[in-house]
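Subject: Structure for you to look at

Hello,

Here is the structure I promised to pass on. Please open it and keep it beside you while you read my notes below.

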Amino acid sequence: MSLALCCSKTRDEKIMSVDGDFKKEKLLSKSFIFDALDSKTQQELANFSYIKRFAAGDIIFTMGLPGQSMMAIAEGSVRVSMFTPSDREVTLNDLTVGDVFGEIALLDGQERSASVTALTNCTLVVLERRALLDILQHNPEFSIKLIELLCQRVRRSDERMIEIAFLDLPARLAKLLLRLSTAAPATADKPLFKLSQSQSELAGMIGNSRENVNRCLKKWQKADVIDLQGGWLILKDRSRLEALAHGE
Ligand code: CMP
């Protein structure tokens with residue numbers, strides 16, 4: 001299928017050039033780290049990049065494999081995860097338009113530190129190591145943006161580690177529900193108090209089992225803190241959830 005046919009109309013039309021190809025520099029400019037580059041350098045980087053598309057559920061790459069590229073998400077969202085020795089998936093983060101991933105193996109030349117899967121159909125701009133290292137060497141502002149990104153990820157990992165080590169399951173789950181309910185913009189069919197994540201997904205995000213998450217949610221349902229209806233998780237009492245998140 002041609003890229004032109006894959007694209008939805010409206011905004012995407014503006015980033016297609018006349019020959020139906022994506023304007024990669026426009027796609028790259030959706031990521032904050034590329035803001036630091038002037039338009040000439042963005043164009044240069046775009047010339048060394050290519051577009052790759054994935055369908056929902058596709059594995060983009062697997063932890064442990066060598067990696068020579070970094071990806072910027074132009075459309076869709078992906079899940080970064082690791083697998084426990086018993087093959088349980090632990091979600092590290094969900095990333096969406098404007099986010100980049102694959103920077104770790106690209107920078108240190110080692111293996112992929114996690115697996116990445118497409119949560120929805122995705123369009124990615126793929127940047128190869130050689131071109132990116134060259135641009136990093138000549139653009140200190142760009143290097144700083146990349147360092148900022150790594151710092152954000154270290155901070156988030158530290159927070160998670162502390163949560164897993166010191167908070168009990170109800171506090172971790174309450175924190176997660178509150179975070180998810182404010183992370184994505186509300187829509188008419190999905191207001192802020194309604195979550196679509198499955199109990200297995202929630203368990204993967206807080207490093208616990210689906211069974212424990214289910215037990216906790218059932219208890220909260222009885223106490224009228226949440227409701228579970230037709231696959232939705234409805235937050236009924238935010239202030240109680242906030243108290244639970246603080247271990248009260
Ligand atoms: P890389 O190691 O090349 O491949 C896996 C990618 O997942 C990694 O680069 C990062 O881009 C991303 N990644 C790894 N750990 C995290 C995390 N804790 N939060 C967000 N992204 C991550």
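The ligand is surrounded by 14 residues. Gly102, Glu103, Ala105, Arg112 and Ser113 come closest. Bear in mind that this is a predicted model.

For glutamate 103, the distance is 2.6 Å. For arginine 112, it is 2.8 Å. For serine 113, it is 2.6 Å.

Next, the helices. Two packed helices are described by the angle between their axes and the distance between the axes.

Start with H8 (residues 169-183) and H11 (residues 238-245). Their axes lie 7 Å apart, at an angle of about 130°. The crossing of H8 past H11 is left-handed. On the H8 side, the contact uses Ala171, Ala174, Lys175, Leu177, Leu178, Ser181 and Thr182. H11 brings Arg238, Leu241, Glu242, Leu244 and Ala245. By type, the contact holds seven nonpolar, two polar and three charged residues.

Now take H8 with H10 (residues 210-222). Here the axes come within 11 Å and cross at roughly 75°. H8 is therefore roughly perpendicular to H10. H8 contributes Leu169, Pro170, Leu173, Ala174 and Leu177. From H10 come Asn212, Val213, Cys216, Leu217 and Trp220. What types of residue make up this contact of H8 with H10? Nine are nonpolar, one is polar and none is charged.

Best wishes

Technical notes:
Residues numbered from 1 in each chain as written. Predicted model: local features only at pLDDT ≥ 70, side-chain atom pairs only at ≥ 80, totals over all residues. Heavy atoms only, no water. Axes fitted to C-alpha atoms, helices over the stretch in contact; angles between N-to-C directions. Helix = DSSP H or I, 4+ residues; strand = E, 2+ residues; numbered from the N terminus. Left-handed = near helix turned anticlockwise from the far one by under 90°. Contact = heavy atoms within 4.5 Å. Nonpolar A, V, L, I, M, F, W, Y, C, P; charged D, E, K, R; others polar. Near = heavy atom within 4 Å. Polar contact = N/O pair within 3.5 Å; in protein donor to acceptor, adjacent residues only side chain to side chain. Parallel < 35°, antiparallel > 145°, perpendicular 65-115°, else oblique.
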